[in-house]
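Try each task before reading its solution.

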There are 2 protein chains.
Amino acid sequence: MTASPSESAYPTAPSTVPGVEAIVAEMTDAIHEHRIQPGAKLREDELGDIFNVSRTLVRQALHKLEHSGLVTIQRNRGAFVAKPSIKEAREVFEARALLEPQTARAAAERASAQDIECLEKHIEDEHAAIHRNEMGLALKLSGDFHLEIARIADQDTIEAFLRQLISRSSLVIALYWRRRNAICESHAHHALIDALRDGDCNSAEELMKGHLLDIFSQLDLRDRPDGAASLKEALKR
Amino acid sequence: MTASPSESAYPTAPSTVPGVEAIVAEMTDAIHEHRIQPGAKLREDELGDIFNVSRTLVRQALHKLEHSGLVTIQRNRGAFVAKPSIKEAREVFEARALLEPQTARAAAERASAQDIECLEKHIEDEHAAIHRNEMGLALKLSGDFHLEIARIADQDTIEAFLRQLISRSSLVIALYWRRRNAICESHAHHALIDALRDGDCNSAEELMKGHLLDIFSQLDLRDRPDGAASLKEALKR
DNA sequence: TGGGCAAAAATTGTATACGATTTCCCCCAA
DNA sequence: TTGGGGGAAATCGTATACAATTTTTGCCCA
């Protein structure tokens with residue numbers, strides 16, 4: 001009888017080494033902040049040198065990143081920063097539109113004073129980043145804001161999905177954003193905080209729905225996604 | 001500049017070997033069909049012996065299964081078939097309730113005659129399994145039915161999420177189902193097919209919502225699950 | 001000059017080896 | 001009898017070695 005305790009397990013238990021998680025976190029940040037462009041190749045031993053670990057751990061990290069949608073792995077060809085198609089871009093925001101308004105509503109029902117404080121700090125950091133003109137960082141913090149709401153709603157499962165969706169949103173924005181300024185810098189997040197503080201579920205839900213539509217409407221989803229083809233020829237030779 | 005073509009990539013490209021995928025598929029089936037119980041320990045070299053591969057590939061497979069929510073990995077302690085908590089069980093069905101009705105609606109708008117045929121075949125197989133008293137197989141087929149609807153809706157992103165949710169639903173049912181009979185055997189799936197055939201979006205959406213509530217209401221989410229498990233025989237035929 | 005082909009280099013895929021941690025079992029003392 | 005070491009065995013984590021595949025390079029010839 002090969003039985004085992006196996007604790008009733010929460011989302012993703014502390015399953016992997018700090019080593020792997022550190023690599024994943026660092027690469028996630030780099031991609032979220034657009035310091036690595038969609039389509040960039042990620043060589044295993046190159047990353048191994050950078051992080052001073054063997055390819056084994058790099059591979060684990062790349063597989064995790066693939067799962068989160070930030071990286072695409074092609075057999076025998078290697079890993080690349082993902083390059084969402086237009087269809088995928090649409091799907092990402094459609095899925096967010098299904099999940100987030102309801103989550104904001106739940107968060108409004110549960111938010112504590114401490115939670116509100118935390119959200120306000122997020123916004124401060126975001127504004128600070130914008131004023132320093134670090135738009136990549138600002139975008140990442142803006143994504144974290146949405147994740148924080150899922151955390152407040154105490155919805156681990158949806159939070160995990162949102163983590164993936166927000167990651168991919170970052171890539172979508174890198175590829176399809178129209179203007180390089182004014183990223184979520186609108187008052188939308190402020191208004192959301194107000195609704196959460198007041199426990200106004202209906203407002204929170206509606207504000208989130210509108211906010212997502214607003215972001216989506218600022219994407220330019222007509223062009224060809226493969227700017228790489230022309231870009232590559234322009235740069236390569 | 002390390003640019004690269006990197007095809008605009010769809011959900012999960014053919015990234016991993018047939019070897020790993022075969023292991024994942026076989027174990028997924030075994031867990032879905034309840035041939036391995038929640039909490040069962042999954043030793044790496046034991047699985048390596050069973051599938052005649054090295055631990056390297058087994059580890060890859062286990063990590064993939066962890067991503068899909070079927071397996072829990074604890075550092076230095078090993079992998080176990082996941083054992084969703086009651087909270088997680090609730091969350092899984094809440095998330096399904098957010099995603100599936102809308103997906104059924106979209107499917108109703110797009111379903112072709114061929115799609116309908118495919119769904120009907122699914123139901124036939126499911127009934128056949130029930131009559132042979134293979135309840136595990138029937139349950140798995142029932143899950144596949146829901147996935148098929150997402151495929152018809154042409155929503156790759158949501159389909160990927162649903163795959164995880166349905167996997168976990170299978171575990172939830174293994175742990176918390178009240179009566180061992182009558183799994184989704186209701187007319188719900190038949191009614192859904194009718195709505196899809198008629199292109200009746202509203203009905204499809206409502207039927208799906210009701211169907212999910214119906215399943216959820218048959219769970220007993222008060223007890224504390226604690227089961228031991230035997231492995232080995234369930235996998236290799 | 002440009003295309004095509006073959007060999008070399010680079011890169012990824014898989015297996016194995018070894019160190020680290022946990023688990024199990026036996027023995028002994030209270 | 002029971003509870004607690006302590007060491008051996010089992011198991012997992014990471015690095016390295018080698019095989020398979022792809023990509024690049026260099027050469028020849030039209």
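## Exercise 1: the sheet

In chain A, 3 strands form an open, antiparallel sheet in the order β1-β3-β2. Before starting, note that this is a predicted model, where local features need pLDDT of at least 70, side-chain atom pairs count only at pLDDT 80 or more, and totals for chains, interfaces and linings use all residues. Residues are numbered from 1 along each chain as its sequence is written, chains are lettered from A and ligands numbered from 1 in the order in which they are written, and side-chain values use heavy atoms, leaving out hydrogens and water.

Task: find which strands of chain A are the edge strands, and describe how β2(A) is joined to β3.

Solution. 
- Step 1. Strands are DSSP E runs of at least two residues, helices are H or I runs of at least four, and both are numbered from the N terminus. Two strands pair if DSSP finds at least two bridges between them.
- Step 2. β1 and β2 (71-74) of chain A each pair on one side only, and they are the edge strands.
- Step 3. β2(A) is joined to β3 (residues 78-81) of chain A by 4 bridges, and the two run antiparallel. Within β3(A), F80(A) stands opposite T72(A).
- Step 4. Now look for the helix: α3 (residues 55-67) of chain A lies across β1, β2 and β3 of chain A, at about 115° to β2(A). Such angles run from 0 to 180 degrees between N-to-C directions, with axes fitted to C-alpha atoms, for helices over the stretch in contact.

## Exercise 2: the aromatic pairs

Task: classify the pair F161(A) and F161(B), then the pair F93(B) and F216(B).

Solution. 
- Step 1. Rings of Phe, Tyr and Trp (its six-membered ring) pair if their centres lie within 6.5 Å; planes under 30 degrees apart are stacked, over 60 edge-to-face, and the rest tilted. The structure holds 3 aromatic pairs over all chains.
- Step 2. The ring centres of F161(A) and F161(B) are 4.2 Å apart with planes at 25°, so the pair is stacked. F161(A) lies in helix α7 of chain A and F161(B) in helix α7 of chain B, so this pair joins two chains.
- Step 3. F161(A) is buried at 0% relative accessible area, and F161(B) is buried at 1%.
- Step 4. F93(B) and F216(B) form a tilted pair, 5.7 Å centre to centre with 50° between the planes. F93(B) is buried at 5%, whereas F216(B) is partly exposed at 27%.

Key. Contact means heavy atoms within 4.5 Å. Buried means under 20% relative accessible area, exposed over 50%, partly exposed in between (1.4 Å probe, protein chains only).
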